[in-house]
Amino acid sequence: MIIGIGTDIVSIDRIDGIIGRFGTRFLDRIFTPSEQHQAEGRAQKMRFYAMRFAAKEAGWKALSPDRRRRIGWHDFEVISTDQGQPVLNFHGEAQDVLAEKVGRGHDQSARIDLSLSDDGGFALAFVVLSAS
(Lines give C-alpha, C1' and ligand atoms only; values in the text may rest on other atoms or scores of the structure.)
Protein backbone atom coordinates (compact mmCIF):
# COMPACT_ATOMS: atom_id res chain seq x y z
CA MET A 1 0.00 0.00 0.00
CA ILE A 2 1.41 3.37 -1.01
CA ILE A 3 1.25 5.91 1.81
CA GLY A 4 2.75 8.86 0.00
CA ILE A 5 4.76 10.04 -2.98
CA GLY A 6 6.96 13.11 -3.08
CA THR A 7 9.32 14.69 -5.57
CA ASP A 8 11.52 17.75 -5.61
CA ILE A 9 13.87 19.43 -8.05
CA VAL A 10 16.47 22.03 -7.12
CA SER A 11 19.09 24.01 -9.01
CA ILE A 12 22.59 22.93 -8.03
CA ASP A 13 23.77 26.52 -8.58
CA ARG A 14 21.12 27.73 -6.13
CA ILE A 15 22.44 25.44 -3.39
CA ASP A 16 26.00 26.46 -4.26
CA GLY A 17 25.04 30.13 -3.93
CA ILE A 18 23.31 29.62 -0.57
CA ILE A 19 26.28 27.70 0.81
CA GLY A 20 28.61 30.39 -0.54
CA ARG A 21 26.57 33.07 1.20
CA PHE A 22 25.78 31.38 4.53
CA GLY A 23 28.44 28.66 4.80
CA THR A 24 28.35 26.41 7.83
CA ARG A 25 25.27 28.16 9.22
CA PHE A 26 23.24 26.78 6.31
CA LEU A 27 25.01 23.42 6.29
CA ASP A 28 24.46 22.89 10.04
CA ARG A 29 20.80 23.89 9.79
CA ILE A 30 19.94 21.60 6.86
CA PHE A 31 22.38 18.68 6.94
CA THR A 32 23.26 16.24 9.72
CA PRO A 33 26.90 15.85 10.76
CA SER A 34 26.88 12.47 8.98
CA GLU A 35 25.67 14.03 5.73
CA GLN A 36 28.29 16.76 5.96
CA HIS A 37 30.97 14.17 6.64
CA GLN A 38 29.88 12.21 3.54
CA ALA A 39 30.16 15.39 1.44
CA GLU A 40 33.76 16.08 2.44
CA GLY A 41 36.30 15.02 -0.12
CA ARG A 42 33.74 14.66 -2.93
CA ALA A 43 34.71 16.17 -6.23
CA GLN A 44 31.14 17.43 -6.82
CA LYS A 45 30.21 18.54 -3.32
CA MET A 46 27.48 21.00 -4.40
CA ARG A 47 25.80 18.29 -6.51
CA PHE A 48 25.89 16.01 -3.47
CA TYR A 49 24.31 18.66 -1.20
CA ALA A 50 21.68 19.60 -3.81
CA MET A 51 20.55 16.00 -4.22
CA ARG A 52 20.29 15.53 -0.44
CA PHE A 53 18.36 18.79 -0.12
CA ALA A 54 15.92 17.59 -2.80
CA ALA A 55 15.61 14.22 -1.03
CA LYS A 56 14.64 15.88 2.26
CA GLU A 57 12.04 18.03 0.49
CA ALA A 58 10.65 15.00 -1.37
CA GLY A 59 10.52 13.03 1.90
CA TRP A 60 8.53 15.81 3.56
CA LYS A 61 6.12 15.95 0.61
CA ALA A 62 5.65 12.16 0.64
CA LEU A 63 4.96 12.26 4.36
CA SER A 64 2.49 15.16 3.92
CA PRO A 65 2.49 16.11 7.59
CA ASP A 66 0.12 18.54 9.19
CA ARG A 67 1.95 21.87 8.98
CA ARG A 68 1.67 22.25 12.73
CA ARG A 69 3.99 19.27 13.21
CA ARG A 70 7.50 20.38 14.02
CA ILE A 71 9.47 18.28 11.57
CA GLY A 72 13.01 19.59 11.18
CA TRP A 73 15.58 19.21 8.47
CA HIS A 74 17.56 16.77 10.62
CA ASP A 75 14.48 14.52 10.94
CA PHE A 76 15.31 13.43 7.38
CA GLU A 77 18.78 12.01 6.78
CA VAL A 78 20.23 10.64 3.56
CA ILE A 79 23.00 8.12 3.96
CA SER A 80 24.75 5.99 1.36
CA THR A 81 25.16 2.24 1.57
CA ASP A 82 28.59 0.69 1.01
CA GLN A 83 27.48 0.18 -2.61
CA GLY A 84 26.67 3.90 -2.95
CA GLN A 85 22.87 3.57 -2.92
CA PRO A 86 21.20 6.55 -1.21
CA VAL A 87 18.85 5.70 1.66
CA LEU A 88 16.43 8.17 3.27
CA ASN A 89 15.99 7.66 7.01
CA PHE A 90 13.31 9.30 9.13
CA HIS A 91 14.09 10.37 12.69
CA GLY A 92 12.26 12.17 15.48
CA GLU A 93 8.97 13.78 14.52
CA ALA A 94 9.16 12.49 10.92
CA GLN A 95 9.41 8.94 12.24
CA ASP A 96 6.44 9.58 14.55
CA VAL A 97 4.29 10.88 11.67
CA LEU A 98 5.23 7.87 9.54
CA ALA A 99 4.32 5.51 12.39
CA GLU A 100 0.92 7.21 12.71
CA LYS A 101 0.28 6.88 8.98
CA VAL A 102 1.03 3.14 8.86
CA GLY A 103 -0.35 2.43 12.32
CA ARG A 104 1.59 1.91 15.51
CA GLY A 105 3.12 -1.52 15.63
CA HIS A 106 3.25 -1.69 11.83
CA ASP A 107 5.88 1.03 11.39
CA GLN A 108 8.56 -1.67 11.05
CA SER A 109 6.88 -2.71 7.79
CA ALA A 110 7.13 0.83 6.39
CA ARG A 111 9.38 1.18 3.38
CA ILE A 112 11.03 4.36 2.15
CA ASP A 113 12.22 4.21 -1.46
CA LEU A 114 14.44 7.02 -2.72
CA SER A 115 15.68 7.75 -6.22
CA LEU A 116 18.12 10.58 -6.94
CA SER A 117 19.20 11.99 -10.28
CA ASP A 118 20.80 15.09 -11.75
CA ASP A 119 21.18 16.61 -15.17
CA GLY A 120 21.55 20.05 -16.71
CA GLY A 121 22.42 21.69 -13.41
CA PHE A 122 19.40 20.33 -11.53
CA ALA A 123 19.10 17.70 -8.81
CA LEU A 124 15.95 15.59 -8.59
CA ALA A 125 14.64 13.34 -5.82
CA PHE A 126 11.68 10.99 -5.83
CA VAL A 127 10.36 9.29 -2.67
CA VAL A 128 7.72 6.60 -2.28
CA LEU A 129 6.47 5.62 1.18
CA SER A 130 4.73 2.25 1.41
CA ALA A 131 3.79 -0.41 3.91
CA SER A 132 2.65 -4.01 3.69
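## Exercises on a predicted model

Strand S4 (residues 110-119) and strand S5 (residues 122-131) run antiparallel to each other and are joined over 10 bridges.

**Exercise 1.** Decide whether Asp8 is buried or exposed, and find the side chain with which Asp8 makes a polar contact.

*Solution.* First place the residue: Asp8 belongs to strand S1 (residues 2-11). Its relative accessibility is 11%, and because buried means under 20%, Asp8 counts as buried. Next look at the side chains, where Asp8 and Lys61 are joined by a polar contact of 2.8 Å. Finally, leaving aside residues up to four places away in sequence, Asp8 touches Lys61 together with Ala54, Glu57, Ala58, Ala123, Leu124 and Ala125.

**Exercise 2.** Classify Ile79 by its accessibility, and state how far Ile79 lies from Glu35 in sequence and in space.

*Solution.* Ile79 sits in strand S2 (residues 76-80). The relative accessible area of Ile79 is 28%, which falls between the limits of 20% and 50%, so the residue is partly exposed. Although Ile79 and Glu35 are 44 residues apart in sequence, their C-alpha atoms are 6.7 Å apart in space. When residues up to four places away in sequence are not counted, Ile79 touches Ser34, Gln38, Gln85, Pro86, Val87 and Asn89.

**Exercise 3.** Determine how many aromatic pairs the structure holds, and work out which parts the pair of Phe76 and Phe90 ties together.

*Solution.* The structure holds 6 aromatic pairs. One of them is formed by Phe26 and Phe31, whose centres are 6.2 Å apart with 75 degrees between the planes, and this pair is edge-to-face; both Phe26 and Phe31 are buried. Phe76 and Phe90 also form an edge-to-face pair, at 5.1 Å centre to centre and with 90 degrees between the planes. Because Phe76 lies in strand S2 and Phe90 in strand S3 (residues 86-90), the pair ties together parts that are 14 residues apart in sequence. Phe76 is buried at a relative accessible area of 2%, and Phe90 is buried at 6%.

Note on methods:
Residues are numbered from 1 along each chain as its sequence is written. This is a predicted model: local features need pLDDT of at least 70, side-chain atom pairs count only at pLDDT 80 or more; totals for chains, interfaces and linings use all residues. Side-chain values use heavy atoms; hydrogens and water are left out. Helices (H or I, at least four residues) and strands (E, at least two) are DSSP runs, numbered from the N terminus. Buried means under 20% relative accessible area, exposed over 50%, partly exposed in between (1.4 Å probe, protein chains only). A polar contact is a pair of N or O atoms within 3.5 Å; within protein, one must be able to donate a hydrogen and the other to accept it, and residues adjacent in sequence count only if both atoms are side-chain atoms. Contact means heavy atoms within 4.5 Å. Two strands pair if DSSP finds at least two bridges between them. Rings of Phe, Tyr and Trp (its six-membered ring) pair if their centres lie within 6.5 Å; planes under 30 degrees apart count as stacked, over 60 as edge-to-face and the rest as tilted.
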